[in-house]
Amino acid sequence: MENDKLKTNLCKFNEDIINLIVEKYKHNKALLVFPTEVSARTCQFKLQEYWEFNNIRAVGMDEFKKTFFLSDTPELADQKRYLAFFASLLPEYKADFHIHNYFESVSLANNFFSFFEELREECVDITSVMVSLNDKSIETSPWQITNLERLLEIRESYRKFLDDRKLTDKIFKTQPEFQTEISEYDTIVFANQIYYTGIEKQLINLVQTEGIAVDIYFLGDKGEFNQEHNLAEKFDYIQHLKDTKINIRILENEHSMLLALCNDIHGEEKPQHYIYQGMGDSRAIEMLNPEIFSQPMNSSFEHSSIYKLLSIIALLLKGIVRDGALELISINAIMDALNESAYMKFLKLDDLKLKDAITKLIDNGFIYLDFELANCSKFIKNEYLLEFLKTQRDLLNQFKSIRCPEELIVLLSETINPQSLISESDVATSDTLSVFYEGLVNFRTLGEFPIFNKWSQLTDGDKQRLPKDIFALLLENLSSRKVKYNIEKSGKKEISLSYHNFLDTRNLKYNNLAILNLLEGMLPGKRRQPYLFTEVQRKAIGLKTYEQIRQREKYYFFRLLASAENVWLYGLNNDSGDFELSSYLEEIILAGLPNVHIEKYNEDAVNSVVLNSILKSDASWKISDEPITPGFSTIDYELADLPIKDGKMVLSFSRFKNLRENPFKFYLENIAGLRELKRRAEESFTARLFGTFVHNLMSEIVERLNETYENSVEQELDWLSEAYVESNLKSLLNSKKKEYYYLPKSLGKIYFDSIVRKAIVNNILSFFISLDEKKGVFQKKGFTFIPEAEDRSDVVYGNTPLVEFDKDGNKFGLYILAKADLRLVSNQEYIIIDYKTGRHHAILDYQLLMYEKVYREVDKITDKAVTPMFWMFKHSKFEKARNKKVGLADYITDAFYKVFENGFMIDRIAAYEQENIEDVSRFSYTQKVKGGSDAE
């Protein structure tokens, strides 16, 4: 590209290119073009003191290119072009790509636009593509040619669609036109862009033909600069790092990384700037104290309370499904709503109360609730929860009726007060409200644009889906918007700048710099499978290859390091394989530079006082000044902690089981009142669901037997048949009791109907036959059937304790609640039956022994034989409770004396107390606890 109007300037790799250009051109008529808008704004700020009638200006490359592609017709952008793309698809194209609604077309649209934009950017003619692909030296599959031809047909259909509506798209604007405003400049300067696309080269040639000088700046030695492509292909990066002091921290996780950063900023040479490469949904960086770390001057609107509220409403709408004539709402969607503070603030409700109630439903196997709540009062006794569900239903019913963007906007204005959702400080320091209202105005133009004749086309006529998709369109419109902050800084902060996008740092210079999250897949970026064509084919066609993209990233990374005086690099690598150290870091380490300090970081080196000064001061938790010790798994025992009232401690068997197996967990759940409330309902037919369903079906059959035979069954088994059990099962499902809502509306339902249902019927038949064979229950023995207690008031625990304790001068007795699944009582015998859908475990024998002791006392059994036994559904057989070597009293007291002596300790760890807790791997720990019961 070198000629009399173009000059290439090679600069030192670590030079501050913005300062260099400002000093040279500050009094010239020059247009300065930078790779990014961030670099351009930084340069513009430095230029302000020299401005004379706007003779000089700095812009990003994208803004520069737009100047040459003006149009007489409106150019579609963003959401409008995607909607137009979907509307232009002919039925055969939708069928080919399995598209039934707008959102199913987005993936194809992404590939379509990126492919044709890339062809346009590189000035690649489609005819030359076909010629290249037909070259026998390039292996091409028939499906690639077929798909390319289909894409070309779709492009023509899209072009015709736009032409008919007098619209255009940038993929059709390929011929640049010189604009007179460019002729105002004597020189156009391009600052350190190491790769120029076909269009960019074309524009450089165009401005030269108009007599404007072009200066290109490149950081690097002459031997490292490729004159033809302006691409650093043979760059010796390591040699440029010899003047930079580099500290490398190798860490195991993001938490350790933040601890290391906190420690480093208390050193003599502390980083003044940091670059945080985000990791998925991780928000760990938000813990950092804003008094020390500057906050970004803009943020995604997605982080605002308004957006979070709208996204929850959209999620709830999506969670409504139809099952025949009935509408259900997903419990998972409700729980997600309860976990969003913006939603709870909007409804003015107590989320903790509601979370606890919903968690109990999830614990009992619920997956969906009746959306209209016609049957919910039968099984939801919590009035606060019912009121919340009614409020939520009424709100969602309004949004279910929308049919176009205008209706949604009107409804939002009537139901939501955005200003009440954001804090006073946000109102004062940000443009959150303005961004929201601008987004609504932009969204409203969708309804005014000539894209759809009817909005039902968005979902191809699916009226149930239409409100959800219109709402999703609004969120899509808002998600790309940025909120700006105007915060007056009080004093100089120790860490002064944050970039979340690494490529925004191109051409910027920092003296003391920290870069976080250096792992493979972040820097360098993860390699992605190119759309339609392989790397070899892309190169033949004239498109950038992955290696060229990676080379650009690598160049800017090492330039950033070389331009700094001190650098702290935080790389993630651990033995489990979750993270792998960045190859860029490995390259520096292997070079063995004397100015590189490498440290495998140890979290223990961090002083908690340092942490407290770095983390947010308004955090709801505090870090103790005491060092962490192996005793962290124990809570000291206090008699007052135990649930003792009037000398009685009453526990269910499951709570006693928890106390024995894990006192630490027992303390957290039953004494401290801490429960895991953020729970997810499993979208399949789970083991718990199976157990609950079987228990309720058995109760249904027993209740019907009692009604039919007036509580004294003295009949032959002629009533027992597959049809009889099926009729009870149908009655249970059709009664609209809670069991109906257990059933997942997914493949789990098919699995239940085709496999589980038959297995249940056969198992129940086996139960009654085996019961009669073993005990002669139906042979005129006059047994009364007593099913599982319906509510807690029917649960008994006896008048005398199972065990008495005298501890620290305080006497108390332990009582166990008895809630057998089924009892059969005759003049001669008392049978206690517990259904088990899992496997038998030794501790369950003690459960029946406890039940026997309680029922003997409560029902005053002195002259009858008592038989406690399990019905094992898995194997269709009865099992008696085995006599235990350790007596019941000793078994109970052993659990309590462990607590008295050791405190509330994680019992599984206590069993291996001879081992150093830090040396126990997750795998070995799992193996040691694998013997735990899954019978429930």
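Let's start at leucine 251, which is found in strand β6, residues 245-251. Leucine 251 counts as buried because its relative accessibility is 1%. For that word, buried means under 20% relative accessible area, exposed means over 50%, and partly exposed is in between, with a 1.4 Å probe and protein chains only. The C-alpha atom of leucine 251 is separated by 9.1 Å from that of leucine 581, 330 residues apart along the chain.

A quick word on what you're looking at. This is a predicted model, where local features need pLDDT of at least 70 and side-chain atom pairs count only at pLDDT 80 or more, while totals for chains, interfaces and linings use all residues. Residues are numbered from 1 along each chain as its sequence is written, and side-chain values use heavy atoms, with hydrogens and water left out.

Now the whole protein. There are 33 helices and 26 strands, and of the 936 residues, 50% count as buried. Contact, for us, means heavy atoms within 4.5 Å. Among contacts with a separation of 6 or more, 79% come from residues 24 or more positions apart.

Which residues of α8 are buried? They are Gln144, Leu148, Leu151, Leu152, Ile154, Arg155, Ser157, Tyr158, Phe161 and Leu162. These buried residues pack against α4 (78-88), α5 (91-96), α6 (102-121), α7 (126-133) and α20 (535-541).

Just after α8 comes lysine 166, with a positive phi of about 55 degrees. Most residues other than glycine have a negative phi, and most peptide bonds are trans. Lysine 166 is found in the loop between α8 and β4 (187-191), and it counts as exposed because its relative accessibility is 61%. Serine 876 also has a positive phi, near 50 degrees, and is a residue other than glycine. Serine 876 is found in the loop between β24 (865-872) and β25 (877-880), and at 30% relative accessibility it counts as partly exposed.

As for the peptide bonds, look at leucine 523 and proline 524: a cis peptide bond joins them, with omega about 0 degrees. Proline 524 lies in the loop between β14 and α20.

Another helix to check is α11, residues 305-318. At 1.5 Å a residue its 14 residues should span 20 Å, and its end C-alpha atoms are 20 Å apart, so the two agree. Buried in α11 are Ile306, Tyr307, Leu309, Leu310, Ile312, Ile313, Ala314, Leu316 and Leu317.

Next, two helix pairs. Helix α1 (residues 17-25) and helix α2 (residues 37-47) pack at an angle of about 45 degrees, their axes 10 Å apart. The axes are lines fitted to C-alpha atoms, for helices over the stretch in contact, and angles run from 0 to 180 degrees between N-to-C directions. The two helices are therefore oblique to each other: under 35 degrees counts as roughly parallel, over 145 as roughly antiparallel, 65 to 115 as roughly perpendicular, and the rest as oblique. From α1, Ile18, Asn19 and Val22 make the contact, and from α2, Ser39, Thr42, Cys43, Lys46 and Leu47.

The other pair is α24 (residues 653-661) and α30 (residues 842-858), at about 135 degrees with axes 11 Å apart. These two are therefore oblique to each other. Phe653, Phe656, Lys657, Arg660 and Glu661 in α24 meet Ile843, Leu844, Tyr846, Gln847, Met850 and Tyr851 in α30.

Last stop: lysine 509, found in the loop between β13 (498-499) and β14 (512-518). Is lysine 509 buried or partly exposed? Lysine 509 counts as partly exposed because its relative accessibility is 32%. Leaving aside neighbours within four places in sequence, lysine 509 is in contact with Asn14, Asp16, Ser563 and Ala564.

Methods
Helix = DSSP H or I, 4+ residues; strand = E, 2+ residues; numbered from the N terminus. Expected span 1.5 Å × (residues − 1).
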